[in-house]
Amino acid sequence: MSSERDPVALPLLEDDRAALRADCGSCFGLCCVALTFSASSDFPVNKDAGKPCGNLREDFRCGIHRDLRDKGYRGCTVYDCFGAGQRVSQGTFEGRDWRRDPATAQQMFEVFPLMRQLHELLWYVTEALTFPQTRPIAADLERVLAETERLAQGDPEAVAGTDVAAHRQVVNTLLLRTSELVRAEHRGRGGQGGKGGKNAKGGKKRDRRGADLIGARLKGADLAGVDLRGAYLIGADLRDADLRAADLIGADFRDADLRGADLTGALFLTQSQVNAAKGDDGTKLSGSLHRPGHWSQA
């Protein structure tokens, strides 16, 4: 790995992505105001973008934080801003909150979702740099990490004018290469049947990128190293499944049963995805993720 890493990227690697973890106490409740949500299984009411949630207190804290799931706000317990909230509140807008300085409100609410996307990319690229298999592309990863951080450090006008979609395409090319390099050693191992992981012909594992696996019965499946990018795993039975080194970027794990599953070393798995699923003490996670409070005990 290059020893000439850009100084703006270095702290993110040394501090284990601490700056990319939500610090709600340093945020002006932006996810509770800037975003919209609709009455559904995740929210009990409708809320327009720019309108404060009825549970947001004057100190920008949630008035029902401990009871969110019981009161129907499951979506709040799943959402993760990757630290964008405190970045926008304390950095981009230098501590000026939208209540005391209403003139900042519209722009702040516009910048927040863009910053959230940039921070998500910072999380992914920082993770990519932790894999020894990515040494051949480490210099390129470091460059996009530094560029993403530079974009995130912009003033409100600069961030608002950032073409995040175009930048994401550049980053995604390297994330795809990361996935290929890390998963290479798992590709020839078995299939996707039950325990043991071999299909009827004992052949190579089949990638399931973007696959519709809603409610799929995958208990004990060998999915190690499989490409599950963007797969729909809503309500899937993944108990005791092997998901080590599987590419899980963008996979939908809402109500997926991960009890006893092994997700150590899974690529690009986020806390939001983990929060959306069901698991227990037997579910194995990488050190950068924590076990949600609503998970059951084994």
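Author: Happy to. Helices here are DSSP runs of H or I with at least four residues, numbered from the N terminus. Please keep in mind that this is a predicted model.

With that in hand, let's begin at phenylalanine 82, which sits in the loop between helix 2 (74-78) and helix 3. Phenylalanine 82 is not a glycine, yet its phi is positive, at about 60°. Its relative accessible area is 2%, under the 20% cut-off, so phenylalanine 82 counts as buried.

Aspartate 240, however, is partly exposed, because its relative accessible area of 38% falls between the 20% and 50% limits.

Now to the wider setting. The chain has 8 helices and 0 strands, so its pattern along the sequence is simply α-α-α-α-α-α-α-α. Of the 298 residues, 50% are buried. Among contacts with a separation of 6 or more, 45% join residues 24 or more positions apart.

From the loop that holds phenylalanine 82, we can move on to helix 3 (residues 84-92), which packs against helix 4 with the axes 8 Å apart and an angle of about 125°. The two are therefore oblique to each other, and the crossing of helix 3 and helix 4 is right-handed. Helix 3 brings Ala84, Gly85, Arg87, Val88 and Thr92 to this contact, while helix 4 brings Met108, Val111, Phe112, Met115, Arg116 and His119. By class, the residues in the contact of helix 3 with helix 4 are 6 nonpolar, 3 polar and 2 charged.

Helix 4 also meets helix 5, where the axes come within 10 Å and cross at roughly 155°. Helix 4 and helix 5 are therefore roughly antiparallel, and their crossing is left-handed. On the helix 4 side the contact uses Met115, Leu118, Leu121, Leu122, Val125, Thr126 and Ala128, and on the helix 5 side Leu141, Val144, Leu145, Thr148, Glu149, Leu151 and Ala152. The contact of helix 4 with helix 5 has 11 nonpolar, 2 polar and 1 charged residues.

Helix 4 (105-128) and helix 5 (138-152) are in turn part of what covers the buried residues of helix 7. The buried set in helix 7 includes Val164, His167, Val171, Leu174, Leu175 and Thr178. An α-helix has 3.6 residues a turn, so residues three or four places apart point the same way. The length of helix 7 can be checked too: at 1.5 Å a residue, its 20 residues (164-183) should span 28 Å, and the end C-alpha atoms are 27 Å apart, which agrees.

Beyond its neighbours within four places in sequence, threonine 178 is in contact with Ala128, Phe131, Thr134, Ile137, Leu141, Leu267 and Phe268.

Finally, let's step off the helix. Alanine 184 is in the loop between helix 7 and helix 8 (271-276), and its 41% relative accessibility makes it partly exposed. Alanine 184 and valine 226 are 42 residues apart in sequence, while their C-alpha atoms are 9.7 Å apart in space.

Methods. Residues numbered from 1 in each chain as written. Predicted model: local features only at pLDDT ≥ 70, side-chain atom pairs only at ≥ 80, totals over all residues. Heavy atoms only, no water. Expected span 1.5 Å × (residues − 1). Buried < 20%, exposed > 50% of the residue type's maximum accessible area, 1.4 Å probe, protein only. Contact = heavy atoms within 4.5 Å. Axes fitted to C-alpha atoms, helices over the stretch in contact; angles between N-to-C directions. Parallel < 35°, antiparallel > 145°, perpendicular 65-115°, else oblique. Left-handed = near helix turned anticlockwise from the far one by under 90°. Nonpolar A, V, L, I, M, F, W, Y, C, P; charged D, E, K, R; others polar.
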